[in-house]
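Biologist: I have a model open on my screen. Please walk me through the fold, one point at a time.

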Amino acid sequence: MPKLTYFNSLPPKKEYLEALREILSSQGVTMSQLQSRSGLTKTQVGCALEVMLRDGEARRAQEKGKYFYFSAS
């Protein structure tokens with residue numbers, strides 16, 4: 001599993017997970033797009049994405065050196 005954050009070992013708040021669930025769709029979005037659309041910090045987005053990837057709620061694909069995140073459903 002990819003490690004997206006290095007400074008925080010706490011679980012993300014439910015509000016952070018909800019915000020990302022609303023943004024993730026079948027079209028891929030980058031981490032910076034998730035940050036700007038959700039209003040969360042890089043660490044908050046990274047922690048929430050790690051949990052969502054681990055739990056199978058999201059998936060990640062690499063294209064031309066960039067990572068894109070999608071909803072798993």
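Modeller: One cut-off before we start: buried means under 20% relative accessible area. Keep in mind that this is a predicted model.

Biologist: Is Glu50 buried or exposed?

Modeller: Glu50 sits in helix 3. Its relative accessible area is 11%. The cut-off for buried is under 20%. Therefore Glu50 counts as buried.

Biologist: How far apart in space are Glu50 and Pro11, C-alpha to C-alpha?

Modeller: Along the sequence, 39 residues separate Glu50 and Pro11. In space, their C-alpha to C-alpha distance is 9.6 Å.

Biologist: What pattern does the protein follow along the sequence?

Modeller: The secondary structure comes to 3 helices and 2 strands. Read along the sequence, the pattern is α-α-α-β-β.

Biologist: Are helix 1 and helix 3 roughly parallel or roughly perpendicular to each other?

Modeller: Two packed helices are described by the angle between their axes and the distance between the axes. Helix 1 covers residues 14–23 and helix 3 covers residues 42–54; their axes lie 9 Å apart, at an angle of about 75°. Angles of 65 to 115 degrees count as roughly perpendicular. So helix 1 and helix 3 are roughly perpendicular.

Biologist: Which residues of helix 3 make that contact with helix 1?

Modeller: Helix 1 brings Tyr16, Leu17, Leu20 and Arg21. By class, the contact of helix 1 with helix 3 has 1 charged, 1 polar and 8 nonpolar residues. From helix 3 come Gln44, Val45, Ala48, Leu49, Val51 and Met52.

Biologist: Which element gives the largest share of the largest nonpolar core?

Modeller: That core has 18 residues; among those with the most contacts inside it are Leu20, Leu24, Leu34 and Tyr69. Helix 1, helix 2 (31–38) and helix 3 are the elements that give two or more residues to this core. The largest share is 6 residues, and it comes from helix 3.

Biologist: What is the relative accessible area of Leu34?

Modeller: Leu34 belongs to helix 2. Beyond residues up to four places away in sequence, Leu34 touches Leu20, Ile23, Leu24, Val29, Gly39, Val45, Leu49 and Tyr69. Leu34 is buried, and its relative accessible area is 0%.

Biologist: How far apart are Leu34 and Val45 in space?

Modeller: Leu34 and Val45 are 11 residues apart in sequence. C-alpha to C-alpha, the distance between Leu34 and Val45 is 7.2 Å.

Biologist: Leaving aside neighbours within four places in sequence, which residues is Leu24 in contact with?

Modeller: Leu24 is one of the residues with the most contacts inside the largest nonpolar core. Setting aside those sequence neighbours, the contacts of Leu24 are Val29, Leu34, Met52, Ala58, Tyr69, Phe70 and Ser71.

Biologist: In which sense do strand 1 and strand 2 pair, and over how many bridges?

Modeller: Strand 1 spans residues 58–63 and strand 2 spans residues 66–71. Arg60 stands opposite Tyr69, and the bridge partner of Ala61 is Phe68. The pairing is antiparallel, over 6 bridges.

Biologist: Which residue in the hairpin turn has a positive phi?

Modeller: Strand 1 and strand 2 form a hairpin with 2 residues between them. A positive phi of about 55° belongs to Lys64.

Note on methods
Residues numbered from 1 in each chain as written. Predicted model: local features only at pLDDT ≥ 70, side-chain atom pairs only at ≥ 80, totals over all residues. Heavy atoms only, no water. Axes fitted to C-alpha atoms, helices over the stretch in contact; angles between N-to-C directions. Helix = DSSP H or I, 4+ residues; strand = E, 2+ residues; numbered from the N terminus. Parallel < 35°, antiparallel > 145°, perpendicular 65-115°, else oblique. Contact = heavy atoms within 4.5 Å. Nonpolar A, V, L, I, M, F, W, Y, C, P; charged D, E, K, R; others polar. Pairing = 2+ DSSP bridges. Core = buried A, V, L, I, M, F, W, Y, C linked by side-chain atoms within 4.5 Å. Buried < 20%, exposed > 50% of the residue type's maximum accessible area, 1.4 Å probe, protein only.
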